[in-house]
Amino acid sequence: MKQVLKLSAAALVLGLAASAVASAQPGGRHHGEGHRAGLALALLEVADLDGDNTVTRAEIETLEAEEFAFRDRNADGYLDEADASPTLRRMMEIREERREEAGMDDAPRHRFGRRGPGPEERLEDLDADNDGRISQAEFTQRQRPLFERLDTDGDEAVTPAELDAAVERGMERREARLWWRD
């Protein structure tokens, strides 16, 4: 059951990531930190509901509530197995059958690639109370650290000046890693 929840939530993350990356930089392939930064900027652009180039916490909360309502197919206030699409459920069944055939029933289900944890592992972190489902409160917590990091003056809004400063800090961090340049 928890695996189906993870697949459903992974589909959400992958869908958001694909659309955000496509709108941020069409036609390119993105990896690593630059990809995450581009995704974050694209998601902020989507969250700017009134188009004033300033993203407020209220705008993000509105967008998150809309996304949660869309994903909560049975409107019970949780993302769980009941909200998974038939395709995702079948994919999970096939995956479990293959694991059983390979004798991997007891093997860990986490697969960390060279880029770190995948969407399933990151989404496990959303289930703060480990009840196998994601509440709306758990779902809306995922963007808070990013918003708080960008909202440097604490006024509940990320302004163009704060975004410029964040981009500059990112460029400085990347430049510092280029040790061969003096």
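Which residues are buried in H3? I looked this up in a predicted model.

**Entry 1: helix H3.** I found Arg57, Glu59, Ile60, Glu64, Glu67 and Phe68 buried in H3. I then looked down the axis of H3: the buried residues fall within an arc of 165°, so they line one face of the helix. An α-helix has 3.6 residues a turn, so residues three or four places apart point the same way. On the face of H3 turned away from the buried side I noted the exposed residues Ala69 and Phe70. I also checked the length. H3 covers residues 57-71, which is 15 residues. From first C-alpha to last, H3 reaches 21 Å, close to the 21 Å expected at 1.5 Å a residue.

**Entry 2: the whole protein.** I counted eight helices and four strands. Read from the N terminus, the order of elements is α-α-β-α-β-α-α-β-α-α-β-α. The protein has 182 residues, and 32% of them count as buried. I looked at contacts between residues at least 6 apart in sequence; 55% of these join residues at least 24 apart.

Entry 3: I placed Met171 in helix H8, which spans residues 160-177. Is Met171 buried, partly exposed or exposed? Its relative accessibility is 44%, so I put Met171 down as partly exposed, since buried means under 20% and exposed over 50%.

Methods. Residues are numbered from 1 along each chain as its sequence is written. This is a predicted model: local features need pLDDT of at least 70, side-chain atom pairs count only at pLDDT 80 or more; totals for chains, interfaces and linings use all residues. Side-chain values use heavy atoms; hydrogens and water are left out. Helices (H or I, at least four residues) and strands (E, at least two) are DSSP runs, numbered from the N terminus. Buried means under 20% relative accessible area, exposed over 50%, partly exposed in between (1.4 Å probe, protein chains only). Contact means heavy atoms within 4.5 Å. The expected span of a helix is 1.5 Å times one less than its number of residues. The arc is that of the directions from the helix axis to the C-beta atoms.
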